[in-house]
Amino acid sequence: MRPSPPEKLPPETLSPALRLDLYGRTLRVRIVEEVIAGAYAEQEMRCPVHLSIGQEAVAAGVCAALAKTDLIMSTHRSHGHYLAKGGNLKAMMAEIYGKAAGCAQGKGGSMHLVDLASGYLGSTPIVGATIPIAVGAAFGILLREEKRLVVVFLGEGATEEGVFSESVNFAALKNLPIVFVCENNLYSVYSPLSVRQPEGRRIHKLAESYGLEGRHGDGNDVEEVHRIARWAVDKARQGGGPSLLEFATYRWLEHCGPNYDNHIGYRTEAEFQKWKAADPVERMRKRLMGEKILTASADEAMRLEIDQEIKSAIAYAKDCPFPEASTLQEHVYSAAHA
C-alpha cells in the first residue's frame, strides 16, 4: 500500500493575473445563475434548473487548472462546470429555453449540456451516470497515448452508488489520467449526510482503499481549490494516475429551482447563514481588494460586462426558433418506423 499523502499541500504563490482570472470565473458563474433564477418565473424556461449559487468556486478553481483540450463531465448541477470550462453561453441559454440553437438542439435542457469544442463532454441528471463514461474517456486517452486528461464532477451522493466504486477501482487499476472531483454540499435533494453515510466518513479518504491519492479542501475558497486541482491535474498529466478530490461547499437555493427553501425544514436558517458568510465570491473579492489587486471600479466594470453578456445571451435565446417537429427522431439510437 502506498503511503498516504499529506493532508495539506505546501503553500504556493499564485500570480495576480491568475487570481483575477479565478475571481472572474467565479463571479461570472454567480451572475449567470442569478440572472437565470430571476428570469425563471417568466415560465419560458420549460425545463428544471439546478443552480450552483454558493458552489461556484469548485468549478472555477478546477477548470482554471485545465487546458482546452482536457475533457470534463458533469452532473445535473452543471451550469458552473460548463461555463468555467469555456462552454458557449449563448448555446447554453438557447438550450435552457428549448431552442434549436441550443447546445443539444433544444432537446436536452439544463441537465443535458454539451460543448465538445471546449472539452465539455456532457452532463446527465442520473446520479453517478457520468462517472463510468468519464473513466471510459480516460481509458481511451491512455490507449491513444494522448497528452490530456479527464475531470469528472460528482456530488457526495454519487459516492453511495455502486458505479462509483467500480469506476474508481478501474481507474486505479489502469492508472488512468482522470481526476474525480466530489462537491460535498451535505445534501442529496433533502437528505443530509447523517441518513446516508456513516458518521465520520471522509470521502477523500476512500481513495486510499482503492490505491489512489485523495485530497480535501475548502470548496468556497477558489484559490485553495485551484492549488489542489492543479496538483491532481499535473499528476495525471505526467502519468501519475487518478486522484479523488473532495471539496466542502454548500448550495444556497433549493435542490431544483430558483427559490430559497430553508422554511421547509430539512436544513436550518442558522446553517444556511453560516455557509452564506463563507460566500466564495465575496471572500475572493475582499481578499483581492485588501491586497490592492482588484479595485472597486475594476470590479464594477467586470460585473457590468458579465451582466450585459448574460442579458444578450437570454435575448438571443428568446429570439431563436424552436426545433422543427420533423427533427424529433434525429440523433437518437433508433428511430421509430411506421
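Visitor: Where does Asp 279 lie?
Guide: Asp 279 is in the loop between α9 (269-276) and α10 (280-290). Keep in mind that this is a predicted model.

Visitor: Buried or exposed, that Asp 279?
Guide: Buried. Its relative accessibility is 11%, and buried means under 20%, so Asp 279 qualifies.

Visitor: Which backbone nitrogen lies 2.9 Å from a polar atom of its side chain?
Guide: That of Val 281.

Visitor: And what is Asp 279 in contact with, leaving aside neighbours within four places in sequence?
Guide: Arg 30 and Trp 252.

Visitor: Switching to helix α4. How many of its residues are buried?
Guide: 7 of 8, so the helix, residues 89-96, is mostly covered by the under-20% cut-off. The buried ones are Leu 89, Ala 91, Met 92, Met 93, Ala 94, Glu 95 and Ile 96.

Visitor: What covers them?
Guide: The cover includes α1 (16-39), α3 (79-84) and α11 (296-319).

Visitor: What caps the N-terminal end of α4?
Guide: Asn 88 does. One of its side-chain oxygens lies 3.0 Å from the backbone nitrogen of Lys 90.

Visitor: And just after the helix, which residue takes a positive phi?
Guide: Gly 98, at about 75 degrees.

Visitor: On to the strands. Which residues of β1 are on each side?
Guide: β1 covers residues 71-74. Leu 71 and Met 73 are on one side, Ile 72 and Ser 74 on the other. All four are buried, and both faces of the strand are covered.

Visitor: Which way does β1 run against β3, parallel or antiparallel?
Guide: Parallel, with 3 bridges joining β1 to β3 (residues 150-155). Ile 72 has Val 151 as its bridge partner there.

Visitor: How many bridges join β1 to β2?
Guide: 3, and that pair runs parallel too. β2 spans residues 120-123. In β2, Gly 122 is the bridge partner of Met 73.

Methods
Residues are numbered from 1 along each chain as its sequence is written. This is a predicted model: local features need pLDDT of at least 70, side-chain atom pairs count only at pLDDT 80 or more; totals for chains, interfaces and linings use all residues. Side-chain values use heavy atoms; hydrogens and water are left out. Buried means under 20% relative accessible area, exposed over 50%, partly exposed in between (1.4 Å probe, protein chains only). Helices (H or I, at least four residues) and strands (E, at least two) are DSSP runs, numbered from the N terminus. Two strands pair if DSSP finds at least two bridges between them. A polar contact is a pair of N or O atoms within 3.5 Å; within protein, one must be able to donate a hydrogen and the other to accept it, and residues adjacent in sequence count only if both atoms are side-chain atoms. Contact means heavy atoms within 4.5 Å.
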